[in-house]
Amino acid sequence: MESFGPMNIPNKSNAKVVVAMSGGVDSSVAAALLSQQGCHVVGVTLRVVPEERTGSVFEPCCSLAAAEDARQVAERLGIPHVVLNYVERFENDVIADFLEEYQKGRTPNPCIRCNVHIKFGALWDKARELGAGFLATGHYACIERREGRMTLTRAQHLDKDQSYVLAGLGQEHLEHALFPLGTLPKSETRRLAASLELVTADRPESQEICFVPDDNYRRFLAERIGPFKPGPIVSVTGEILGQHQGLPYYTIGQRRGLGIAAPRPYYVIRLDAQRNAVIVGHEEDTFSAMLVARQVNWCSMAPQEAPFEAEVKIRYRHTPAAATVTPVEGGFRVEFREPQRSVTPGQWAVCYRDDVVLAGGIIEAFGNCEAEL
């Protein structure tokens, strides 16, 4: 087998580390890197949904097939491997919130919630029971200690950066977290997996929500909370333009599938759960200059009271935009230098500076002036 260096791993020789092994190539290589550095690695695979909900084109990270792949990787690496049943915990902490948010006309990010409550919550509790001092995952991000605080930063190769979905982690999480892949490009991760002859080396990536078969979240929502109630499609000026089939079928920024014949395209601007209305406007109406985020987590930065400058990312694939961030009671307000498109309640607003994740919170409101927030 090829031997390779520690890369993004602090010197943890002889430390006991639990690695969350999803059955994918990333967590497989994370376990290999730690094992070769001399850590006492225990691979743990979480089962978070009943097997009958799996069966998508790409087997999800919580399937029995993925667990078997993780077991084979652990056997190849010579490390112990266990499977834990967290179906009930995942249902209560992640899926229930997902359903509730959609019922409110919001668009949640279940991956962030899973990282906080399941991987670095329930799994970390189990890791400590096993005598481990650290918990590692296959996320592409980096951790450093700067001026007495743990600092979460973006991955060295930004095309794979996953720091956004880790923005809910606080200092107590980062103290015992390890992200061995933070300096690697994905191509190198796959090369290392192939050199170690791991069964996961060529496993395709899935961009799906792990608990939603075939990524059909509308069908999933209809089965769990449906049927959806139709309602009016209303313009920003108050004109009724048509009828929608249920708020969960629509997302902010959506253009297609509205069923509105008009000289200029309409876009979904807001989802008004109180009125059960889809609010639409033209392209210029999709931009917002401000937002307010609540349930804020101060990640690498100590809690602030004064305004500060940052680049703010409003969804996973969004390019961070320059803004002034002002702490307010229970959260912070973001004022962008240039208005941003399709600000979506339920998603996270994550503040960066020089690749450092400063803080993040759940978007509650947005608009172009204080009166709209």
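**Exercise 1. Helix H3**

*Solution.* Step 1: find the cover. Contact means heavy atoms within 4.5 Å. Helices (H or I, at least four residues) and strands (E, at least two) are DSSP runs, numbered from the N terminus.

This is a predicted model, in which local features need pLDDT of at least 70 and side-chain atom pairs count only at pLDDT 80 or more, while totals for chains, interfaces and linings use all residues. Residues are numbered from 1 along each chain as its sequence is written, and side-chain values use heavy atoms, with hydrogens and water left out.

Step 1: list what is covered. In H3, the buried residues are Phe90, Asp93, Val94, Ile95, Phe98, Leu99, Glu101 and Tyr102. Buried means under 20% relative accessible area, exposed means over 50%, and partly exposed is in between (1.4 Å probe, protein chains only).

Step 2: check the span. H3 has 17 residues and reaches 22 Å from its first C-alpha to its last. That is close to the expected 24 Å, at 1.5 Å a residue. The expected span is 1.5 Å times one less than the number of residues.

Step 3: look for a bend. H3 bends by about 35° at Ile95. The bend is the angle between axes fitted to the seven residues ending at a residue and the seven starting there.

Step 4: leave the helix. Just after H3, Gly105 has a positive phi of about 80°.

**Exercise 2. The second largest pocket**

Find which helix gives the most to the lining of the second largest pocket.

*Solution.* Step 1: take the volume. It is about 320 Å³. On a 1 Å grid over the protein atoms alone, a pocket is an open set of points where a 1.4 Å probe fits, with protein on both sides within 12 Å along at least five of seven lines; lining residues have an atom within 4 Å of a point. A volume is the space filled by probe spheres set on the points, which are joined across faces, edges and corners.

Step 1: list the suppliers. Helix H3 (87-103), helix H4 (110-129), strand E12 (287-298) and strand E17 (356-367) each supply at least two lining residues.

Step 2: pick the top one. H4 gives the most, with four residues.

Step 3: sort the lining. There are six nonpolar, six polar and seven charged residues. Ala, Val, Leu, Ile, Met, Phe, Trp, Tyr, Cys and Pro count as nonpolar, Asp, Glu, Lys and Arg as charged, and the others, Gly among them, as polar.

**Exercise 3. Ile260**

Find the contacts of Ile260, leaving aside neighbours within four places in sequence.

Step 1: list the contacts. They are Ile233, Leu241, Tyr266 and Val280.

Step 2: check one pair. Ile260 and Ile233 are 27 residues apart along the chain, and their C-alpha atoms are separated by 9.1 Å.

Step 3: classify Ile260. It counts as partly exposed because its relative accessibility is 22%.
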